[in-house]
Amino acid sequence: MKRSAAVRLSATLATAALAAATGLVVSTSSASAAVTGSATGYATQNGGTTGGAGGQTVRATTGTAIHSALCSRASSSTPIIIEVQGTINHGNTTKVSGSSCNTAAGVIELKQISNVTIVGVGSGAVFDQLGIHIRESSNIIIQNVTVRNVKKSGSPTSNGGDAIGMESDVRNVWVDHATLEASGGESEGYDGLFDMKDNTQYVTLSYSILRNSGRGGLIGSSESDRSNGYVTFHHNKYENIDSRTPLLRGGISHIYNNHYVNLHESGINSRAGARAKVDNNYFKDSKDVLGTFYTSEAGYWQVSGNIFDNVTWSARSGDNQPAGPNPTSNTSVSIPYSYSLDSASCVPDVVNRTAGANKGNQVSNGNCTPQTPGPTDPTTPPTDPTDPPTGTNLSLGAGADGSSKASGTSYGNVIDGNLGSYWSPSGSTGSVSVKWSSATSVSKISIREAAGSEGGIRNWRVLNNDTGAVLTSGSGAGVISFPKTSLKKVTFEITSSNGSPRVAEFETYSG
């Protein structure tokens, strides 16, 4: 016992010394950091994307400190939240070695790891001429950061010229409220702002700005690299870009509520069998914003609700096959997750108010109105789940249904007033609903987990099932409040969990 304590003390002192030398502030707390909201889009699939939720929170002011935080974990999958403040550049980013990391100098290297969140805090996090590289990794969140002027030629170089690049069996990445920018195109030494290749799947880019670059980004590095896909782009602003917003080779993408301004050569380039669902975007002062370009291998699209404001279209010829004027669908794409569409007419306003770093991480409520989501912290329920709101539980006597149920469980178990019975989805995610025959006002719900499964529910969303609008989102079971809403059906959707979640009661209250 004494020897084990000595070993632990030695490790603690070593970590403290490393922290002092690199600009890493170590906290033993697992309390909520500055991450807000929950993953959306395809990042909610395949088990969900929670990053370092539930792990230790540390503060880093250098690139070396970020690497040190990764290397100081117990294993390469130990959850960690890294809060970043200040300017991260070549001068303060070195390789750090350890059994839980695989880092490199001159780039933020997230290689062969999982369960990591990097979030900008305080006065902001700027990765200056220094790219973020994700390789053979999973369950990564990057939020509220700026990455600028990353070069592949000239000096200094980093990450092959990509602001954020992913490759080689990457799964479940959520990049949110980021600003990715360059100062020119390939001739000035820059490459892509957001690139995915070599079997990268289940990625969402949301509420971000991509600007002043020759290339916005790609999915697939060549016509034969078709193992990528299941990528969502929503509420992003692409501005002053030559092409690739994005370029799609194979796979499926969902592109909705984005604002495109000054695309000079081409925009969404669906090719090599790719299929894109393109909904309620606003394109302005741009050229050839959708189609198959620079290849004879066609791609496909399903379009609805888009606005084309001063968009010009080239004639169709050879390897250039623009979708317009008056684009029409040539495929259909089924989307497996819930989402709410803002009207395309308000997209410029709501995206300009919410997208990018240091905007307060605001999101749209589905009605073109920015709102601030709550903090993400699966370790802390909103309130004590054994202390429900006062008043009448409206679920008693109501109906119930859902998306799936495990063998031996029932939707009706969540409205029977019996904590001994429960509903569980057939997998780690799923939804259960309470419904009434006529509109009912609801402002609070209480999600009670079955005994022995407490803490199983991680991220969730509450939906107005009548309209599809997201009423609120967060983490952990307990009492959940939202603006009073009149509806016939309210849905509790579990987007990620620890094991098999079990909901004993789904109580509803008018407030």
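Phe 492 has 0% relative accessibility and therefore counts as buried, a label used here for residues under 20% relative accessible area, with exposed meaning over 50% and partly exposed anything in between (1.4 Å probe, protein chains only). Phe 506 is likewise buried, at 0% relative accessibility. The model is predicted, with local features needing pLDDT of at least 70 and side-chain atom pairs counting only at pLDDT 80 or more, while totals for chains, interfaces and linings use all residues. Residues are numbered from 1 along each chain as its sequence is written, and side-chain values use heavy atoms, with hydrogens and water left out.

The structure holds 12 aromatic pairs. Rings of Phe, Tyr and Trp (its six-membered ring) pair if their centres lie within 6.5 Å; planes under 30 degrees apart count as stacked, over 60 as edge-to-face and the rest as tilted. In one of these pairs, the ring centres of Tyr 238 and Tyr 260 are 5.1 Å apart and the planes meet at 10 degrees, so the pair is stacked. This pair links distant parts of the chain, with Tyr 238 in strand 16 and Tyr 260 in strand 19, 22 residues apart; helices (H or I, at least four residues) and strands (E, at least two) are DSSP runs, numbered from the N terminus. Both tyrosines, Tyr 238 and Tyr 260, are buried. The rings of Phe 492 and Phe 506, by contrast, are edge-to-face, because their centres lie 6.3 Å apart and their planes are at 65 degrees. Phe 492 belongs to strand 33 (residues 478-494) and Phe 506 to strand 34 (residues 503-509), so the pair ties together parts 14 residues apart in sequence. An aromatic cluster is formed by Tyr 42, Tyr 202, Tyr 230, Tyr 256, Tyr 337 and Tyr 339.

Turning to the nonpolar cores, each is a set of buried Ala, Val, Leu, Ile, Met, Phe, Trp, Tyr and Cys residues joined through side-chain atoms within 4.5 Å. The largest has 65 residues, and Ile 82, Phe 127 and Phe 194 have the most contacts inside it. Helix 2 (residues 63-71) supplies the largest share of this core, 5 residues. A second, separate core of 25 residues includes Val 414, Val 432, Trp 436 and Ile 494.

Helix 3 (residues 347-354) has Val 347, Pro 348, Val 350, Val 351 and Thr 354 as its buried residues. These residues pack against several strands, among them strand 16 (237-243) and strand 19 (259-263). Just after helix 3, Gly 356 takes a positive phi of about 105 degrees.

Key. Contact = heavy atoms within 4.5 Å.
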